[in-house]
Amino acid sequence: MTNHIDIAIVGGGISGIYAAWRLQKQDPTRNIHLYELSDRIGGRLISLDPPEMQGIKAEFGGMRYLTNQPIVSNLVAELGLATRPFPVSGDENIYYLRGQHMRGSDLTDSKKIPYRLSWLERGKTPGELVMNAIDTLIPGATKLTKEQWQDVKENYTFQGKHLWELGWWNLLHQVMSSEAFKFILDAGGYDTLVTNWNAAEALPWYLADFGPDAQYRTIIDGMETLPRMVAKQFVDAGGNIHLGQRLNTFVKREDGQIELIFDDAPPVIAQHLILAMPRRSLELLDDDTEFLLHPTVRDLIPTVTPHPMFKLFLCYRYAWWQDAGVNNGRSVTDLPLRQVYYFGSEREGPAAYNQELRDSLVMASYDDGEHVGFWRGLADRGHSTTHCFPESAEPRWNRYTCPSAMIEHAQRQLKVVHDLEYLPDAYAAGFQDWGQDPYGGAWNSWNIHVKGWEVQEKMIQPLDEWPVYVIGEAYSGAQGWIEGALQTAETLLKTKF
Ligand SMILES: Cc1cc2nc3c(=O)[nH]c(=O)nc-3n(C[C@H](O)[C@H](O)[C@H](O)COP(=O)(O)OP(=O)(O)OC[C@H]3O[C@@H](n4cnc5c(N)ncnc54)[C@H](O)[C@@H]3O)c2cc1C
């Protein structure tokens, strides 16, 4: 039997579920259905309860938002979700780079850092070096308004070329010494942020993150609560969610409606189709999908590059890192671990009152770029956490469990980073490789030679004659952020519905 509906949304990440809810709220008589291939709503937001731990969430995907991101901040407030600050770097945090230990407070001491910075670069943190570079490229950049930035993106030239024709990595190499570049790369913790992505997008992206009014916060019950709460509101408003349904392809019928073909479910005919998914997921739809073969769409889809990222969590009976003088925030290394985040100790349950023995969680590795390959090599063959587990009664954590070799490598590197001879055994471990299908990456970046602002607009409805829309983080103005995913959903609502 074929279902006839008003709006089909495919993809149950934050962009899809948010658009579904807003559209349903706008007009409760609409017949709206959301289809998601996995057995959960949330996509790249996954908050898990570590085994035997209470009151602490392991964030396998997005873990924080910035208070200067209006849509996500307002959504969190509207849903009444309790939040807390998300500390990142403090003076006590460890930097283990080029075989040398430093604290956060040492980064501005040129005698303590193993990088031969130029005279003027000395005494600056990696963040300040990036800010200086941006200010050299565009004097006064840190003070520009949103509108002025748009003008810069479109018209500003550096050495005769528009910013969108230039690569961020190339530019950084022109305005800082190669040692300073290595320093910001190693101490920054992320490799893919300083790759050669579109400079017109990379510059304001950096400023938003490092800007003076930017503060990180997180949702106490887990970032996944956000899409879950939105999903509840959508269903309460009359919306329908179908899990475990993979869209295979879709066609336009003679009457202009869209017929959706799923792997193992009857087809659906919809007046509108919203594809709320990143580049890789679009590319995984059937090769013969006429919409995707259209030259306009074929040009638009590869305008961004997905970047895999990897997260590894270890659970311990106590917070051993306090022996190394660190309590929260993150430590950074150039070893394959790259970033270590101290998620903390149990806050609830009987153990919360025993300061010495509280089960404690560390994100032992948060890495990207070539380091993902290091950890991927230790995963079991065919490992996947993203396919559907329909009837599974097992705790969700179990699908992320680490092989022992991965834990051993992590333990060895943690000892080195913290300069500790002894580390207790981890009693549980979990990991997530975001290079897996259907994601292909944790975040997407605009490619050089692409006018990101134009593609963003076009992606909302790539072909006038097809009522098919594309939303989500990948083709947004805030890539790598929930805010970006929500921005595209808002634009869709404002311009098409
Ligand atoms: C490791 C990591 C760290 C991050 N850190 C942060 C952070 O700290 N703060 C922040 O704001 N953001 C962060 N992000 C980014 C943020 O999580 C994403 O921007 C956001 O969740 C993306 O939402 P989306 O709706 O665009 O896409 P997704 O969440 O990718 O949703 C797409 C959905 O489509 C489904 N799908 C794909 N193909 C099909 C198909 N054929 N049929 C049916 N369903 C399909 C997928 O299963 C998925 O559920 C991080 C992401 C990762 C992975």
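Two notes on the model. This is a predicted model, where local features need pLDDT of at least 70, side-chain atom pairs count only at pLDDT 80 or more, and totals for chains, interfaces and linings use all residues. Residues are numbered from 1 along each chain as its sequence is written.

Helices (H or I, at least four residues) and strands (E, at least two) are DSSP runs numbered from the N terminus. Arg98 is not a glycine, yet its phi is positive, about 50 degrees. Now pick Glu52, in the loop between strand 3 (47-48) and strand 4 (58-59). Glu52 also has a positive phi, about 65 degrees, without being a glycine. It is partly exposed, with 13 other C-beta atoms within 10 Å.

Next, colour the open sheet of seven strands, in the order 8-7-18-19-20-17-21 with mixed pairing. Strands pair here if DSSP finds at least two bridges between them. Its edges are strand 8 (100-103) and strand 21 (428-433), each pairing on one side only. From one strand to the next, the twist averages 15 degrees. Angles run from 0 to 180 degrees between N-to-C directions, and axes are lines fitted to C-alpha atoms, for helices over the stretch in contact.

Zoom in on strand 7 (residues 94-97) and strand 18 (residues 330-333), which run parallel and are joined by two bridges. Tyr95 stands opposite Val332 there. Then show helix 13 (residues 404-418), which packs on the sheet and touches several strands, including strand 7 and strand 20 (360-368). The directions of helix 13 and strand 7 make about 105 degrees.

**Strand 16 and its partner**

Select strand 16 (residues 304-307). Val304 and Pro306 point one way, Thr305 and His307 the other, and all are buried. In a regular strand the side chains alternate between the two faces of the sheet. Strand 16 pairs with strand 22 (residues 443-446) in the antiparallel sense, over four bridges. Val304 has Trp446 as its bridge partner.

**Around Arg280**

Which helix holds Arg280? Arg280 lies in helix 9 (residues 279-283). This is where the 18 belongs: Arg280 is partly exposed, with 18 other C-beta atoms within 10 Å. Beyond its neighbours within four places in sequence, Arg280 is in contact (C-beta atoms, placed from the backbone, within 7 Å) with residues including Pro306 and Pro438. Look at the peptide bond joining Asp437 and Pro438: it is cis, with omega about 10 degrees. Pro438 lies in the loop between strand 21 and strand 22.

**Last stop: the ligand**

Finally, show the residues around the ligand. Which of the 39 come nearest? They are Gly11, Gly13, Gly43, Gly62 and Gly472. Helix 1 (14-26), strand 2 (32-36), strand 17 (309-316) and helix 15 (482-496) each supply at least two residues of this shell.

How values were computed:
Near = placed C-beta within 6 Å. Buried ≥ 20, exposed ≤ 12 C-beta atoms within 10 Å, placed from the backbone. Contact = placed C-beta atoms within 7 Å.
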